[in-house]
Amino acid sequence: MSILIYAESAEGKFKKVAFEIASYAKKVADSLDTTVTALTINNDNVADLAKYGIDKVLKVNNDKLVSFNAKAYADVIKQAAQQENTKLVILSSSTDSIYLSSLVAVNLEAGLASNVVGLPLSTTPFQVKRNAFSNKAFNITEINTDVKVIGLAKNSYGLFENASTLTEEAFNPNLDDNDFEIKVESVEKTSGKVSIADADIVVSGGRGLKGPENWGLIEDLAAVLGAATACSKPVSDLGWRPHGEHVGQTGKPVATNLYIAIGISGAIQHIAGINASKVKVVINTDPEAPFFKVADYGIVGDAFDVVPRLIEKLKAFKAQNA
Amino acid sequence: MKILVCISHVPDTTSKINFTNNDTEFDTNGVQYVINPNDEFGLTRAIWFQEQQGATVTVVNVGGPETEPTLRKALAIGANEAIRINATPTDGFFVAKQLAEVIKNGAYDLVIAGKESLDYNGGMVPGMTAALSGYNFLNSCIDIAVDGNNVKAVREIDGGKETVSTSLPLIIGTQKGIVEEKDLRIPNMRGIMTARTKPLNITEAVDAPANTKAVKFEKPAPKSAIKMISPDNLDELIDLLHNEAKVI
């Protein structure tokens with residue numbers, strides 16, 4: 001009956017989203033008077049899950065699952081859910097978990113609500129609030145199936161520690177050859193940089209930066225803050241920055257704690273993609289830029305004047321608060 | 001190669017989002033509809049397959065008669081034929097069930113669907129359709145090459161990308177990158193004229209259980225006013241971010 005989460009890891013360490021869904025699942029489990037079981041794949045150090053209220057870990061160790069494979073992973077989650085007689089599976093909104101969620105839902109004949117932004121509004125009937133219309137509205141969705149799957153929107157719940165005693169159990173799923181019809185040939189990671197998906201802070205530049213040669217400003221500010229760098233659509237269309245950095249409606253979505261927009265006017269498509277961020281700062285020369293209507297803090301000023309001074313002040317602040 | 005491109009008919013990005021009927025329905029009043037951008041990127045890639053490798057491209061939408069202009073636009077861009085499944089979509093699983101039926105009847109080699117629609121942002125239709133059809137499925141696909149039955153494709157992952165090999169039949173969830181913005185085509189007059197005579201077949205929906213139901217909509221609470229900070233007082237910004245917003 002317990003709730004099942006898939007606790008994702010990367011390079012042998014849990015991702016932050018794994019702890020976020022654990023925190024969330026624990027709270028839901030308490031309201032349903034049940035426990036939380038976490039499924040892990042090829043991760044030996046599961047002890048940290050005990051900090052977030054997990055009672056039991058099903059540990060899968062299998063060489064075939066070293067590379068992410070959605071069909072195989074979804075099959076493993078299904079088998080774990082069935083063994084545990086789970087009625088609620090909770091996944092994150094990482095790229096991999098979004099990929100998995102629809103397969104898991106069909107496997108379990110479960111209704112799926114993705115992009116969920118808070119605790120269930122009610123458990124009978126089971127209703128959750130989710131982001132829709134590109135963060136311009138919420139949609140309250142009722143799941144009517146016996147088994148339910150929800151995908152929690154990133155950074156929508158937060159981490160809450162809740163110590164528990166963890167039972168570890170090996171789990172050996174039956175893997176089908178048909179699960180491996182997509183083979184990973186190579187993986188290319190943007191090395192040495194914080195990814196937009198994992199970042200707590202994103203520093204983003206627009207056409208106001210005037211050219212790719214000025215991106216040092218964005219990178220230096222990001223470095224002081226431990227932030228990822230991003231850019232607006234015109235910047236990636238002009239080829240100043242790689243497409244992987246484009247955030248907005250047709251680019252990567254951003255749901256970070258702090259989003260700093262520099263020289264970005266704030267077209268509606270851009271705002272749609274970053275609006276799930278909690279705190280937004282805009283620095284722009286044009287006081288009429290639409291970004292000022294959606295930001296929390298604004299500075300009307302020239303990036304080439306403001307940002308270098310901001311970097312120096314942040315360095316001093318960091319040194320003091322280290 | 002037979003390609004099916006799934007088209008979602010969605011409000012244009014600049015549309016005002018409002019609800020009617022006691023906040024239970026989307027208010028379509030004055031709303032312009034477009035091909036869902038993630039689908040349009042995929043459609044453009046399909047047209048390249050048509051031009052370069054002799055593929056036929058069918059577009060499909062689940063929706064009422066009001067969605068036909070969106071399908072006609074896809075035909076004007078270059079699709080060979082269109083199918084409209086005459087039903088109001090109730091949830092992602094309902095749509096996936098309809099698409100799986102079309103796929104079963106049409107024996108498509110490659111199915112292309114945007115990884116997410118701009119309206120409900122469910123992101124579930126491509127994967128559910130694949131699971132129901134027994135097709136291979138690659139989500140967040142940003143590059144694809146097909147040679148005979150062999151497929152090489154690239155998937156965007158958090159913080160990078162991944163190259164995979166697989167085979168047809170396949171469903172891909174597409175996004176920007178599969179083609180670029182500059183590659184998108186605006187229908188020309190000839191395209192619009194020929195689209196009028198291309199087949200647009202209407203079929204009735206198959207039954208699907210109502211696994212989920214959208215019961216109500218809400219608009220976000222109005223946000224508090226922006227705090228403006230003088231460019232000469234950057235200490236104030238740092239102080240606010242640290243003590244008020246608590247994000248640094």
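Colleague: How do helix H4 (residues 216-225) of chain A and helix H8 (residues 303-321) of chain A pack?

Modeller: In this predicted model, H4(A) and H8(A) meet at an angle of about 20 degrees, and their axes lie 10 Å apart.

Colleague: Why is H4(A) called roughly parallel to H8(A)?

Modeller: Angles under 35 degrees count as roughly parallel. The angle here is about 20 degrees, and that makes H4(A) roughly parallel to H8(A). As for handedness, the crossing of H4(A) past H8(A) is left-handed.

Colleague: Which residues in H4(A) and H8(A) meet?

Modeller: H4(A) contributes Leu217(A), Asp220(A), Leu221(A), Val224(A) and Leu225(A). From H8(A) come Ala303(A), Val307(A), Pro308(A), Leu310(A), Ile311(A), Leu314(A), Lys315(A) and Lys318(A). By class, the residues of this contact are 10 nonpolar, no polar and 3 charged.

Colleague: What makes Ala70(A) buried?

Modeller: A residue is buried if 20 or more other C-beta atoms lie within 10 Å of its own. Ala70(A) has 25 other C-beta atoms within 10 Å, so Ala70(A) is buried.

Colleague: Where is the place of Ala70(A), and which residues does Ala70(A) touch?

Modeller: Ala70(A) belongs to helix H2 (residues 70-83) of chain A. Leaving aside residues up to four places away in sequence, Ala70(A) touches Tyr99(A), Leu100(A) and Leu103(A), together with Phe137(B) from the other chain. Although Leu103(A) is 33 residues apart from Ala70(A) along the chain, 7.9 Å separates their C-alpha atoms.

Colleague: How do you know that strand S16 (residues 258-262) of chain A is mostly covered?

Modeller: The count for S16(A) is 5 buried residues of its 5. In a regular strand the side chains alternate between the two faces of the sheet. Here Leu258(A), Ile260(A) and Ile262(A) lie on one side of S16(A), and Tyr259(A) and Ala261(A) on the other; all are buried, and both faces are covered.

Colleague: What pairs with S16(A)?

Modeller: Strand S14 (residues 201-205) of chain A pairs with S16(A) in the parallel sense over 5 bridges, with Leu258(A) as the bridge partner of Ile201(A). Another 5 bridges join S16(A) to strand S17 (residues 279-284) of chain A, again in parallel; there Tyr259(A) has Lys280(A) as its bridge partner.

Colleague: How do you know that strand S13 (residues 183-189) of chain A and S11(B) pair?

Modeller: Two strands pair if at least two bridges are found between them. S13(A) and S11(B) have 6 bridges, in the antiparallel sense.

Colleague: What order do the 10 strands of the open sheet take?

Modeller: The order is S13(A)-S11(B)-S10(B)-S9(B)-S12(B)-S8(B)-S1(B)-S6(B)-S7(B)-S13(B), with mixed pairing. Direction ignored, neighbouring strands of this sheet are turned by 30 degrees against each other on average.

Colleague: Why is one side of S13 of chain A and of strand S13 (200-204) of chain B left without a neighbour in the sheet?

Modeller: S13(A) and S13(B) stand at the edges and each has a single partner strand, so one side of each lacks a neighbour in the sheet.

Colleague: At what angle does H4(B) run to S9(B)?

Modeller: H4(B) runs at about 75 degrees to S9(B), lying across strand S1 (2-6), strand S8 (110-114), S9 and S12 of chain B. Angles of 65 to 115 degrees count as roughly perpendicular, so 75 degrees falls in that class.

Colleague: How many residues does each chain bring to the contact?

Modeller: Chain A brings 70 residues and chain B brings 62. On the side of chain B that touches chain A, S11(B) has the largest share, with 8 residues. That side divides into 29 nonpolar, 19 polar and 14 charged residues.

Methods. Residues are numbered from 1 along each chain as its sequence is written. Chains are lettered from A and ligands numbered from 1 in the order in which they are written. This is a predicted model: local features need pLDDT of at least 70, side-chain atom pairs count only at pLDDT 80 or more; totals for chains, interfaces and linings use all residues. Two residues are in contact if their C-beta atoms, placed from the backbone, lie within 7 Å. Helices (H or I, at least four residues) and strands (E, at least two) are DSSP runs, numbered from the N terminus. Ala, Val, Leu, Ile, Met, Phe, Trp, Tyr, Cys and Pro count as nonpolar, Asp, Glu, Lys and Arg as charged, and the others, Gly among them, as polar. A residue is buried if 20 or more other C-beta atoms lie within 10 Å of its own, exposed if 12 or fewer, and partly exposed in between; C-beta atoms are placed from the backbone. Axes are lines fitted to C-alpha atoms, for helices over the stretch in contact, and angles run from 0 to 180 degrees between N-to-C directions. Angles under 35 degrees count as roughly parallel, over 145 as roughly antiparallel, 65 to 115 as roughly perpendicular and the rest as oblique. A crossing is left-handed if the near helix is turned anticlockwise from the far one by less than a right angle, and right-handed if clockwise.
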